[in-house]
Amino acid sequence: HVPSEREQEELELIQLAVKNPEAFAPLYDRYFEAIYRFVYQRCDSKDQAFDITQQAFVKVLQNLSRFQNKGVPFISWLYRIARNEFLNAVKKEQTRRTLNVYSEDFNSILE
């Protein structure tokens, strides 16, 4: 598979960002909206989606040197990280969630 011009540019941006994290901005700008929308579709609020998206990009930057071009688009890797961050947030939230059920409602569910 011969990389397209866009893929080649992306790989160059990734290599630059690995060497200098400040060079990550073009990748962040290019993909923030898509990742945010992906996360927001799964969240309860815009604030939660923004927080999870930001955390995902922190993870991306921390692990950028581990990205390997194996013919899978870079954005697929971003989606996977965003999904994992969303699942981590849900797990944390589940331990804090409570459910208020009136006893009459609960009894009707059991019947």
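**View 1. Helix 3 meets helix 4.** Helix 3 (residues 46–63) and helix 4 (residues 74–94) pack with their axes 9 Å apart and at an angle of about 125°. This angle makes helix 3 oblique to helix 4; angles under 35 degrees count as roughly parallel, over 145 as roughly antiparallel, 65 to 115 as roughly perpendicular, and the rest as oblique. Axes here are lines fitted to C-alpha atoms, for helices over the stretch in contact, and the angles run from 0 to 180 degrees between N-to-C directions. Helices (H or I, at least four residues) and strands (E, at least two) are DSSP runs, numbered from the N terminus.

A word on the model before we go on: it is predicted, so local features need pLDDT of at least 70 and side-chain atom pairs count only at pLDDT 80 or more, while totals for chains, interfaces and linings use all residues. Residues are numbered from 1 along each chain as its sequence is written, and side-chain values use heavy atoms, with hydrogens and water left out.

**View 2. Residues at the crossing of helix 3 and helix 4.** Helix 3 passes helix 4 in a right-handed crossing; a crossing is right-handed if the near helix is turned clockwise from the far one by less than a right angle, and left-handed if anticlockwise. From helix 3, Gln48, Ile52, Gln55, Ala56, Lys59, Val60 and Asn63 take part, and they meet Phe74, Trp77, Leu78, Ile81, Ala82, Glu85, Phe86, Ala89 and Glu93 of helix 4. Contact means heavy atoms within 4.5 Å. By class, the contact of helix 3 with helix 4 has ten nonpolar, three polar and three charged residues. In this scheme Ala, Val, Leu, Ile, Met, Phe, Trp, Tyr, Cys and Pro count as nonpolar, Asp, Glu, Lys and Arg as charged, and the others, Gly among them, as polar.

View 3. Glutamine 48 is found in helix 3 and, at 16% relative accessibility, counts as buried. Buried means under 20% relative accessible area, exposed over 50%, and partly exposed in between (1.4 Å probe, protein chains only). Leaving aside neighbours within four places in sequence, glutamine 48 is in contact with Cys43 and Glu93. Alanine 49, also placed in helix 3, is buried at 0% relative accessibility. With neighbours within four places in sequence again left out, alanine 49 touches Tyr36, Val39, Tyr40 and Cys43. Alanine 49 and arginine 37 are twelve residues apart in sequence, and their C-alpha atoms are 8.2 Å apart in space.

**View 4. The aromatic cluster.** Phe24, Tyr28, Phe32, Tyr36, Tyr40, Phe50 and Phe57 form one aromatic cluster. Rings of Phe, Tyr and Trp (its six-membered ring) pair if their centres lie within 6.5 Å; planes under 30 degrees apart count as stacked, over 60 as edge-to-face and the rest as tilted. The count by this rule comes to twelve aromatic pairs. One of them joins tyrosine 36 and tyrosine 40, a stacked pair with 5.8 Å centre to centre and 5° between the planes. Tyrosine 36 is buried, with a relative accessible area of 19%, whereas tyrosine 40 is partly exposed at 36%.

**View 5. Helix 1 against helix 2.** Helix 1 (residues 5–19) packs with helix 2 at an angle of about 130°, and their axes are 9 Å apart. Helix 1 is therefore oblique to helix 2. Arg6, Glu9, Glu10, Leu13, Ile14 and Ala17 of helix 1 make the contact with Pro26, Leu27, Arg30 and Tyr31 of helix 2. By class, this contact has six nonpolar, no polar and four charged residues.

**View 6. Leucine 27 and alanine 25 in helix 2.** Leucine 27, found in helix 2, is buried at 1% relative accessibility. Beyond its neighbours within four places in sequence, leucine 27 is in contact with Glu10, Leu13, Ile14, Ala17 and Phe74. Leucine 27 and isoleucine 14 are 13 residues apart in sequence and 7.7 Å apart in space, C-alpha to C-alpha. Alanine 25 also has its place in helix 2, but is partly exposed, with a relative accessible area of 36%.

**View 7. The whole protein.** The protein has five helices and zero strands. Buried residues make up 28% of its 111 residues.
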